[in-house]
Amino acid sequence: QVQLVESGGGLVQAGGSLRVSCAVSGRTFSSYFMGWFRQAPGKEREFVAYIMWSGGSTYYADSVKGRFTISRDNANTVYLQMNSLKPEDTAVYYCAATRHGGMIATTYEYWGQGTQVTVSS
């Protein structure tokens, strides 16, 4: 059974940092793109970043470029390091996987349950 399990969310002050993690299991994701999305209350799910598991190429939404960094280890975990956090970064953050790449949530086949990130002003 494929599982993506996020962790590391929490409450942080504006300007602070937080790292969220996504542990994957149940299959090999070496040919997949691993993405992070977020969803704030009353808003649509929004693309944040993705990384190609093989090769490590990355892509970011303009809203987080220069502040967030996506990475993965050699085992089974994908990370999102978030620096210079702003109140507008407050959302539930989801990890997802797709064979196709891109920023469109509907193309992602596997999803985690999400982890809450709250940035106070």
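Visitor: Which residue stands opposite isoleucine 70 in S8?

Guide: Leucine 80 stands opposite isoleucine 70. The model is predicted, with local features needing pLDDT of at least 70, side-chain atom pairs counting only at pLDDT 80 or more, and totals for chains, interfaces and linings using all residues. Residues are numbered from 1 along each chain as its sequence is written, and side-chain values use heavy atoms, without hydrogens and water.

Visitor: How many bridges are there between S7 and S8?

Guide: Five bridges link strand S7 (residues 68-72) to S8, and the pairing is antiparallel. Strands are DSSP runs of E with at least two residues, numbered from the N terminus, and two of them pair if DSSP finds at least two bridges between them.

Visitor: And how many residues lie between S7 and S8 in the hairpin?

Guide: Four residues lie between S7 and S8 in that hairpin.

Visitor: Which strand do six bridges join to S8?

Guide: That strand is S3, which runs antiparallel to S8 (residues 77-82). Within this pairing, arginine 19 faces glutamine 81 of S8.

Visitor: What about S1 and S3: parallel or antiparallel?

Guide: S1 (residues 3-7) and S3 (residues 18-25) are antiparallel, with five bridges between them. Here glutamate 6 is opposite cysteine 22 of S3.

Visitor: Turning to the loops, where does aspartate 89 lie?

Guide: Aspartate 89 belongs to the loop that connects S8 with S9.

Visitor: Is aspartate 89 buried or exposed?

Guide: Aspartate 89 counts as buried because its relative accessible area is 1%; the cut-offs are under 20% for buried, over 50% for exposed and in between for partly exposed, with a 1.4 Å probe and protein chains only.

Visitor: Which residues is aspartate 89 in contact with, leaving aside its neighbours within four places in sequence?

Guide: With those neighbours set aside, aspartate 89 touches Arg38, Arg67, Phe68, Ser84, Val117 and Val119. Contact requires heavy atoms within 4.5 Å.

Visitor: Next, glutamate 109. Where is its place?

Guide: Glutamate 109 sits in the loop between S9 and S10. Its relative accessibility is 30%, so glutamate 109 counts as partly exposed. Apart from neighbours within four places in sequence, glutamate 109 is in contact with Tyr32, Ala97, Thr98, Arg99 and His100.

Visitor: What separates the C-alpha atoms of glutamate 109 and alanine 97?

Guide: A separation of 5.9 Å lies between those C-alpha atoms, although glutamate 109 and alanine 97 are twelve residues apart along the chain.

Visitor: Why does isoleucine 104 count as exposed?

Guide: Isoleucine 104 counts as exposed because its relative accessibility is 51%. The residue is in the loop between S9 (91-98) and S10 (110-111).
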